[in-house]
Amino acid sequence: MRILVTGASGFVGRRLVSELLRRRVPVRVALRHASGTPAVADASYAQVHAQGLAAADWADAMHGCTHVIHLAARAHVLRESHEDPDLAFHSANVLNSIACAKAAARARVQRFVFASSIGVHGHGTGDTALSVHSAIAPETPYGRSKAAAESGLATVRNDTGLELTVVRPPLVYGPQAPGNFGVLLRAVQRGLPLPLACVTQNRRSFVALDNLVDLLITCIDHPAAANQTFLVSDGEDLSTADLLRRLGRAMNRPARLLPVPPALLQAGAALLGKRDMAQRLLGNLQVDITHTRDTLGWTPPLSVDDGLRRAVAGLQTP
């Protein structure tokens with residue numbers, strides 16, 4: 001077995017490669033240099049060396065690989081600068097993923113594991129948790145690109161017989177997490193007052209980085225994972241206030257939360273054009289992982305509190 005991991009220099013990719021090597025699984029990594037040019041290299045048990053690779057030369061990357069975990073994506077864009085975000089996400093997340101899968105099929109790779117997003121189902125849920133049977137209804141350029149990529153990869157699977165496994169995580173947290181979780185983590189670390197003490201009735205699912213990595217590795221060669229889609233979470237849903245307080249406990253410092261009514265926060269966000277941010281902080285997004293548990297016999301190895309402690313351990317001193 002040799003695993004090609006794309007996006008290996010990213011938040012999930014770095015931890016995944018490290019864990020695969022710890023388990024003594026031969027790994028090849030596809031990543032981008034700081035210059036933005038692609039690279040591919042074999043990862044030894046000691047370190048990773050990068051060599052140049054042409055952008056479209058997936059055949060070289062696939063050579064000798066039996067499985068692919070495709071993480072490479074455009075994500076965590078907190079301040080969008082592209083004049084056409086849908087086009088930017090489509091190019092990076094749809095076209096690139098399909099090209100990678102086609103190359104995998106030509107190279108007779110056994111299975112292609114694709115890291116998608118819970119965002120293919122939309123921003124949030126009402127009182128019903130999302131499942132693999134929930135409607136595909138993305139609401140953001142990122143979510144739309146992941147949904148389109150899943151559709152394109154399914155076509156490649158049907159045309160070539162390549163085994164496809166799709167994993168849809170919610171917000172992933174861990175050491176040096178990017179995006180919104182990283183913003184909240186640093187706010188609690190710095191003792192910044194947050195007007196979220198009253199946000200106690202919403203419920204949101206999260207997934208610790210190590211739980212996601214464990215599931216991705218499980219999906220590599222589990223017989224029941226072939227041509228399946230799996231949702232993943234820690235298995236415990238939190239309110240926003242609970243998340244922040246537990247983050248504070250993990251840091252051994254209190255989270256400074258101010259009691260502002262959620263309705264007032266919602267109204268203020270609407271006035272500022274921040275409805276999406278308000279939804280992520282105030283709304284529900286629950287994930288039902290029953291299908292994942294039952295199909296794979298998988299249980300998240302880390303509790304929420306253990307995951308938060310690991311995330312906090314990766315913090316730099318402010």
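Predicted model: local features only at pLDDT ≥ 70, side-chain atom pairs only at ≥ 80, totals over all residues.
Me: What makes Phe89 count as buried?

Reply: Its relative accessibility is 6%. Buried means under 20%, so Phe89 counts as buried.

Me: And why is Tyr142 called partly exposed?

Reply: Tyr142 has 25% relative accessibility. Partly exposed covers what lies between the 20% limit for buried and the 50% limit for exposed, so Tyr142 counts as partly exposed.

Me: Happy with that! How many aromatic pairs does a search of the whole structure find?

Reply: The search gives two aromatic pairs. One of them joins Phe89 and Tyr142, with 5.9 Å centre to centre and 65° between the planes.

Me: Why is the pair of Phe89 and Tyr142 called edge-to-face?

Reply: Ring centres must lie within 6.5 Å to pair, and planes over 60 degrees apart count as edge-to-face. With 5.9 Å and 65°, Phe89 and Tyr142 therefore form an edge-to-face pair.

Me: Which parts does this pair tie together?

Reply: Phe89 belongs to helix 3 (residues 85–106) and Tyr142 to helix 4 (residues 141–160), so the pair links parts that are 53 residues apart in sequence.

Me: What makes the pair of Tyr173 and Phe181 tilted?

Reply: The centres of Tyr173 and Phe181 are 5.2 Å apart, and the planes make 35°. Stacked needs under 30 degrees and edge-to-face over 60, so this pair counts as tilted. Both Tyr173 and Phe181 are buried.

Me: Which residues have the most contacts inside the largest nonpolar core?

Reply: They are Val5, Leu16, Leu20 and Phe181, in a core of 70 residues. Helix 6 gives the most to this core, with eight residues. Another core, of 23 residues, lies apart from it and includes Ala61, Phe114, Leu153 and Leu162.

Me: What does Val5 touch, leaving out residues up to four places away in sequence?

Reply: Its partners include Leu16, Leu20, Val29, Ile69 and Leu71, and Arg28 as well.

Me: One last thing: what share of contacts between residues at least 6 apart in sequence joins residues at least 24 apart?

Reply: In this protein, that share is 77%.

Conventions
Residues numbered from 1 in each chain as written. Heavy atoms only, no water. Contact = heavy atoms within 4.5 Å. Core = buried A, V, L, I, M, F, W, Y, C linked by side-chain atoms within 4.5 Å. Buried < 20%, exposed > 50% of the residue type's maximum accessible area, 1.4 Å probe, protein only. Helix = DSSP H or I, 4+ residues; strand = E, 2+ residues; numbered from the N terminus. Phe/Tyr/Trp six-rings, centres within 6.5 Å; stacked < 30°, edge-to-face > 60°.
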